[in-house]
Amino acid sequence: METLVLIVHVLLAAGIIALVLLQQGKGAEAGASFGAGASQTVFGSSGSTSFLARITGVLATGLFITSFLLAMVAKDKADSVGDAGIPAAEVIESSANGVKEPELPALEAAKPEAAPESDIPKAD
């Protein structure tokens, strides 16, 4: 189930990338307003803007749905870690229950050393 949702998710993401790259920017419509090739388009004189925008919206909705499903699967897997005998919550709480961790040795305070004489001549 998870593998199927993941494959669909990756295909939807690749489809969105391809459709966004196919769409023209806002500046590309300036030449079309003067009749430059509007009758020779595949999608008609209105262009492919609304068609590609609709398909992109459908793919984006599918991407959000698969993202939600993958998040639910990940949550279920995280909840099942405790069922498998791995004490996930107890590991974090062990240091708060009075188990004393070994103390690290404190660093000695560094004594400031005298600054060495500089090779740069001083201005008098």
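View 1. Residues 24 or more positions apart account for 83% of the contacts in the protein chain that have a separation of 6 or more, a contact being heavy atoms within 4.5 Å. The model is predicted: local features need pLDDT of at least 70, side-chain atom pairs count only at pLDDT 80 or more, and totals for chains, interfaces and linings use all residues. Residues are numbered from 1 along each chain as its sequence is written, and side-chain values use heavy atoms, with hydrogens and water left out. Of the 124 residues, 10% are buried, where buried means under 20% relative accessible area, exposed over 50%, and partly exposed in between (1.4 Å probe, protein chains only).

**View 2. The largest nonpolar core.** This core consists of 5 residues, L12, I16, L19, L52 and L59. Helices α1 (2–22) and α3 each supply at least two of its residues, and α1 gives the most, with 3. A nonpolar core is a set of buried Ala, Val, Leu, Ile, Met, Phe, Trp, Tyr and Cys residues joined through side-chain atoms within 4.5 Å. Not counting residues up to four places away in sequence, I16 touches L59, A60 and L63.

**View 3. Surroundings of T56.** T56 belongs to helix α3 and counts as buried because its relative accessible area is 15%. Its side chain and that of Q23 are joined by a polar contact of 2.9 Å; such a contact is a pair of N or O atoms within 3.5 Å, and within protein one must be able to donate a hydrogen and the other to accept it, while residues adjacent in sequence count only if both atoms are side-chain atoms. Apart from neighbours within four places in sequence, T56 is in contact with L19, V20 and Q23.

**View 4. A nonpolar surface patch.** I65, F68, L69 and M72 make a nonpolar surface patch of about 380 Å². Patches are made of residues with over 30% relative accessible area and no salt bridge, with like charges joined within 9 Å and nonpolar side chains (Val, Leu, Ile, Met, Phe, Trp, Tyr) within 5 Å; a salt bridge is a side-chain nitrogen of Lys or Arg within 4 Å of a carboxyl oxygen of Asp or Glu. I65 lies in helix α3 (residues 49–83) and is partly exposed because its relative accessibility is 49%.

Note on methods:
Areas by Shrake-Rupley, 256 points an atom, 1.4 Å probe, with all protein chains shown as cover. Helix = DSSP H or I, 4+ residues; strand = E, 2+ residues; numbered from the N terminus.
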